[in-house]
Amino acid sequence: MNKVFSGTQKISLRYLRIDELLLILYALYTFRGALLAFDHGGYLPWLEFLSITIARLCVPVGIIFVLNNRATELHNLAFLALPVYYWLISSFHTYGGYSNIGLLALSTCALFILFPDDIKRRVFTLFYRMFLIVAVISIFIWVCFFLKIDIGFQQELYYAQKENVGATFYYYRWFIFAIYNSFSSYRLCGVFNEPGALGTLCALLFICTDKKSTVLEKVILLATGVLTFSLAFFMLVFMYVAIKICLKNPRNIIYVVLFVALFFAIPNIDFHNDALNRTAARFKITEAGLAGDNRTTAAFDYEFNEFVNSNDVWLGKGIGYDVESGNASWKSSYLMPYGIIGTVVLFGLWLVAALYRCDRSKEELIYIFLFFASLYQRPNAIQSIWGYVLLLGGLIWMSSDMSLELT
């Protein structure tokens, strides 16, 4: 009998309905946490309303479930430190005064922590199943767009450029699915606001489920990830494969070295296709690093160096500090607002929780390492429900003897 029902001989229909509703709400909320494309900014009012309604419903339904369950493991109470610590430093360690933010995120993430491990596993499983459906639909839409099959596409200004009428970045929308047009390089976004979000999720889910997923599921995740042309996707999958084959046989490092050499040569190859050439150019090594790394610029590096050499480096400038050069990496999201001490505590809490939740198998340790590596480009994972579901829910699923079933 699953842990969530232990000690209960008769399960009411009401309990089962709450259980199932909880799974659906949190799985849908996980999509929102990874940032949907059209749920804000005046795109689709009905989607914005539906999205926030689902998020808010997670709170009362989660409370009812926790009260009905009437028990939680002691370690879950300890790991409430993850959302509570982040909320405290975000609310009180601010740049420019007190800011009461993140109550919805605090509530939903704290409730997820309190859920029994079996529920966390089932939320992860349902999200994974929904994600595969979204991926298949996204591929279909991309193929239709590429083959110029009109299924109702609409052209919209890219969400970050809504106020800039001269922007050259656009979304092509079919219902709520998006394709990002970057200089005629059509990158798949799925339901998310950036191709990098979809690519990162494809990579992490591929790595997490690799031991138990089917060949078809692997193909869907890899094909979707490739169509995002996401640097994060390619890097995470490459690191995963490289680590796996080297652990299997240390001599395989020769193949890794050869592949890295090919990696360096790719930007110099003419593929006779503008889109492919632009994608290949993102892998070019420059003085500043990878050309496709849009998380750093010369202006940001200068500003960051000024911060490192200031008195704020230990405690940070506080949440709300505006990085003038514009940046979305862990440096601007955590190190500059919270400093070295605040960032080490935040990341340390997550690392302790992840190591506690896993059985220390090679697959789980690799997944933890690559999840933290993904924070470079997607730092919002540890302040959003999708990070809780993918890391903690994913690790619980990996360490269980359950397949990708919802029961």
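**Rings and helices in a predicted model**

Trainee: Which residues form one aromatic cluster?

Mentor: Tyr 86, Tyr 334, Tyr 338, Phe 347, Phe 371 and Phe 372 form one aromatic cluster. The model is predicted, so local features need pLDDT of at least 70 and side-chain atom pairs count only at pLDDT 80 or more, while totals for chains, interfaces and linings use all residues. Residues are numbered from 1 along each chain as its sequence is written, and side-chain values use heavy atoms, with hydrogens and water left out.

Trainee: How many aromatic pairs does the structure hold?

Mentor: There are 28 aromatic pairs. Phe 38 and Tyr 43 form one that is edge-to-face, with 5.0 Å centre to centre and 80° between the planes. Rings of Phe, Tyr and Trp (its six-membered ring) pair if their centres lie within 6.5 Å; planes under 30 degrees apart count as stacked, over 60 as edge-to-face and the rest as tilted.

Trainee: Is Phe 38 buried or exposed?

Mentor: Phe 38 counts as buried, because its relative accessibility is 1%. Tyr 43 is buried too, at 7%. Buried means under 20% relative accessible area, exposed over 50%, and partly exposed in between (1.4 Å probe, protein chains only).

Trainee: Which ring does the charged end of Lys 212 sit over?

Mentor: The charged end of Lys 212 sits over the ring of Trp 397, 4.4 Å from its centre. Lys 331 lies over the face of Phe 304, at 4.8 Å from the ring centre. The test asks for NZ of Lys or CZ of Arg within 6 Å of the ring centre and within 35 degrees of the ring normal.

Trainee: Turning to helices, what span should α2 have?

Mentor: Helix α2 (residues 45–69) has 25 residues and should span 36 Å; its end C-alpha atoms are 36 Å apart, which agrees. Helices (H or I, at least four residues) and strands (E, at least two) are DSSP runs, numbered from the N terminus; the expected span is 1.5 Å times one less than the number of residues.

Trainee: What comes just after α2?

Mentor: Arg 70 comes there, with a positive phi of about 65°. The buried residues of α2 include Leu 47, Ile 54, Cys 58 and Phe 65.

Trainee: Why is α6 largely enclosed?

Mentor: Of its 30 residues, 22 are buried, so α6 is largely enclosed by the rest of the structure. Lys 148 follows α6 and has a positive phi, near 60°.

Trainee: Where is Ser 329?

Mentor: Ser 329 is in the loop between α12 and α13. Ser 329 and Asn 380 are 51 residues apart in sequence and 9.2 Å apart in space, C-alpha to C-alpha.
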